[in-house]
Amino acid sequence: MNRQGATPAMRLFAECLMAYETKAGPVLAGKKPPAVLVCDKLRLPLATLMGNAGYRALMARALTLAKTETPWPSEVVIKPDGSLGGWETLEAQDDPQEMAEAGVVLIAQLLDLLTSFIGEDLMLRQVYEVWPTVQLPQGDSIAQRKNENTK
Amino acid sequence: MKTLNKINVAKSALPRKIVSRPAKVAIRQLPTGVRGLDEIMGGGLPEFSFNIIAGAPGCGKTTLAHQIMFANATPRKPALFFTVLGEPALKMLRHQQQYSFFDPTQLNRSIRFINLSSALLKNGLRGVVEEITREVEASSPAIVVVDSYRNVTRKTIAEENELDLQAFVQRLVLLLTSWQATTFMVGEYAEAEMRDNPVFTVADGIFWLSQNVERNSVVRKLQIIKSRGQGSVPGLHTIRITADGLQAYSRTLGLLQEKVRPAKRRRLSSGIPELDKMLGGGILEGDSLLVAGPSGTGKSALATQFLAEGLRHGEAGVAAIFEERPEGYTARAGTLGMDLRTPQKNKMLEMLYLRPLDLSVDETMQEILDAVKRLKAKRLVIDSLVGFEMALAPGFREDFQESLYRMIAALTGAGVTIFTTVETADTFNEMSFSHYTISFLTDDILRLRYVEIEGQLRKVITVVKMRGGNHSKDIREYIIGDKGVAIIGPRQEQYARLTTGLPDRIGQIKELAPEPKAK
């Protein structure tokens with residue numbers, strides 16, 4: 001699949017995951033922003049599945065694609081274990097909306113990539129391993145799939 | 001003497017339980033999830049065994065491991081699939097989910113994929129064992145797969161010594177056996193490597209997969225090189241990778257237990273009363289009959305009449321046809337007054353059209369056997385042997401006669417009567433039966449041939465052989481009319497040397513041509 005922008009469905013899904021993490025605790029200075037927390041949590045099952053190198057490669061590709069949609073500080077990098085490095089610079093951004101948008105795009109791109117490789121079904125199963133109770137907006141195709149999967 | 005008596009008394013006084021042999025351990029067998037493989041394995045996979053799945057790339061090793069996992073994993077006794085420096089897990093999942101056996105609901109619930117590359121690169125064999133130990137102890141898996149084990153050892157051979165490798169293998173086997181896991185090490189190996197690799201020594205089972213190219217066809221084979229504790233079917237078995245994953249076709253076609261023919265057998269009508277008389281009352285049930293003759297002599301018509309006669313008596317039939325499509329075959333039978341359409345609708349007749357040029361002989365025979373079992377068929381037509389052989393991939397043609405023999409022997413042993421046609425070239429100085437070594441394939445042989453008589457190419461039939469009893473030795477003339485083959489004349493006595501096709505007239509009786517001559 002040769003695409004640029006994250007799909008609307010994945011953007012919505014990414015927003016849900018970030019909202020879930022935000023609910024878990026307020027964003028305080030020095031605390032990882034929701035997008036970084038989501039990436040960190042996803043890293044555990046995905047690195048188990050594909051190894052650190054595999055997860056790192058996927059994140060690097062997602063970040064490259066995200067950068068074509070929203071501005072990202074050059075300090076933000078993907079570390080060898082696949083985690084996000086230099087995320088503190090995100091906090092220095094003037095506009096928190098812009099920071100959140102950057103996070104949404106990165107996660108959406110990551111989920112889109114996963115979907116293109118293993119399909120929506122298996123991608124969702126990986127995500128629900130981490131957030132089994134995450135609430136998704138009704139009417140969305142992914143939400144419908146989740147309901148089907150949890151029946 | 002006194003002592004001996006004492007011993008005897010003592011033995012007889014012992015309770016039966018103590019003197020009898022203690023019960024052997026029962027090895028439970030797990031399903032492989034691969035059609036035909038359980039039977040090849042001698043019933044299934046021995047539980048808690050340590051196995052190697054080896055072979056060249058593209059043989060289906062990973063797919064086989066997946067099928068075994070999906071067939072056995074449960075949430076309580078899950079399967080762990082460790083990947084090591086091989087096919088990236090994402091790509092593996094991308095490809096494996098295309099198979100019908102891949103059930104996504106099992107993922108993470110009863111099947112887990114764990115990447116060991118980092119552990120291997122960082123800490124070598126010790127890291128791999130530690131990681132596997134942690135995961136195994138955490139989930140008590142029923143099935144463990146390491147893919148590719150070869151990559152683990154390759155790195156070790158390069159950097160560590162052989163003793164380390166042996167110690168690693170030993171630790172792994174002890175761990176996985178003690179934790180009651182049935183284990184599969186997947187790897188790309190060449191046969192020569194079996195000698196020096198400790199893992200082959202400790203393995204309880206070795207599955208060897210291979211892939212050979214024969215002209216334009218690919219032939220995949222499976223061999224169970226080793227299977228401790230149970231009897232597997234020896235030799236090379238054909239495998240095919242389909243949308244359902246691997247399918248295996250046993251060399252024995254699942255027919256090891258041949259039934260013994262009953263001493264008293266019925267005689268089945270061929271559908272042609274005069275021919276039945278020539279056959280001493282009909283074809284003996286469970287016989288294999290071969291009809292040999294050149295093109296256009298009515299071999300298929302005879303075969304159709306044989307099937308139709310069975311159907312009239314409520315006997316289900318199967319026709320494996322290779323030279324004509326079922327619709328054409330059915331329509332042609334209709335022109336001879338035989339309705340094959342209704343019995344097909346009523347599941348009394350199945351027509352198998354097997355023409356792809358890549359068929360394996362075992363696969364084709366399995367199709368036939370499945371149909372015979374499905375319908376509980378009493379009559380089977382194979383039309384024709386030449387077409388059958390042509391439908392096979394070149395690499396399988398060498399096995400053709402051997403496999404055919406096995407199938408015919410097994411089916412006839414089970415009471416199925418087989419009617420096979422074979423095309424022969426008519427020469428006008430001899431009467432050959434076929435280029436196959438047929439005597440061991442058939443109980444009965446009918447020979448059809450053209451003879452030139454008074455400016456016409458006429459047809460004669462003779463029974464060459466009937467293993468089960470006496471038969472007519474007459475050479476009789478027949479025609480193919482609107483009801484099929486009909487034998488029209490008594491023994492032909494007006495001519496000699498009919499078998500050459502160019503007979504000499506020796507009689508004086510003036511006879512009419514059986515079919516009108518053109519004016």
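I count a residue as buried if 20 or more other C-beta atoms lie within 10 Å of its own, as exposed if 12 or fewer do, and as partly exposed in between, with C-beta atoms placed from the backbone. By that rule, 45% of the 519 residues in chain B are buried.

**Entry 1. Model and numbering**

I am working from a predicted model, in which local features need pLDDT of at least 70, side-chain atom pairs count only at pLDDT 80 or more, and totals for chains, interfaces and linings use all residues. Residues are numbered from 1 along each chain as its sequence is written, while chains are lettered from A and ligands numbered from 1 in the order in which they are written.

I looked up the confidence next, pLDDT being the predictor's confidence in each residue, from 0 to 100. Chain B has a mean pLDDT of 84, with 87% of its residues at 70 or more. For the complex, the predictor gives an ipTM of 0.74 and a pTM of 0.73.

**Entry 2**

I took helices (H or I, at least four residues) and strands (E, at least two) as DSSP runs, numbered from the N terminus. Chain A holds 5 helices and 2 strands, arranged along the sequence as α-α-β-β-α-α-α. Buried residues are 40% of its 151 residues. Among contacts in chain A between residues at least 6 apart in sequence, I found that 66% join residues at least 24 apart.

I listed 17 helices and 24 strands for chain B. Of its contacts between residues at least 6 apart in sequence, 72% join residues at least 24 apart.

I then traced a sheet, treating two strands as paired if DSSP finds at least two bridges between them. In chain B, 9 strands form an open sheet with mixed pairing, in the order β5-β4-β6-β7-β3-β8-β9-β10-β11. β5 (111–115) and β11 (245–249) of chain B stand at the edges with a single partner strand each, so one side of each has no neighbour in the sheet. Neighbouring strands are turned by 25° against each other on average, direction ignored.

Within the sheet I followed β6(B). It is joined to β4(B) by 5 bridges, the two running parallel, and B:Ala79 stands opposite B:Ile143. β6(B) and β7(B) also run parallel, joined by 5 bridges, with B:Met185 as the partner of B:Val146. B:Met185 is likewise the bridge partner of B:Ile52, in the parallel pairing of β3 (50–55) with β7 (182–187) of chain B over 5 bridges.

Is β6(B) covered on one face or on both? Both faces are covered, with B:Ile143, B:Val145 and B:Asp147 buried on one side and B:Val144 and B:Val146 buried on the other. In a regular strand the side chains alternate between the two faces of the sheet.

Helix α4 (61–72) of chain B lies across strands including β3, β7 and β8 (205–214) of chain B, at about 160° to β6(B). Helix α6 (117–139) of chain B lies across β4, β5 and β6 of chain B, at about 175° to β4(B).

The buried residues of α17(B) include B:Leu404, B:Ile408 and B:Leu411. They pack against β14 (288–293), α14 (361–375), β17 (379–383) and β18 (417–423) of chain B. Just after α17(B), B:Gly415 takes a positive phi of about 95°.

Last, I located B:Gly455 in the loop between β19 (444–453) and β20 (456–466) of chain B. B:Gly455 is exposed because 8 other C-beta atoms lie within 10 Å. From B:Leu116, B:Gly455 is 339 residues away in sequence and 83 Å away in space, C-alpha to C-alpha.

Key
Contact = placed C-beta atoms within 7 Å. Axes fitted to C-alpha atoms, helices over the stretch in contact; angles between N-to-C directions.
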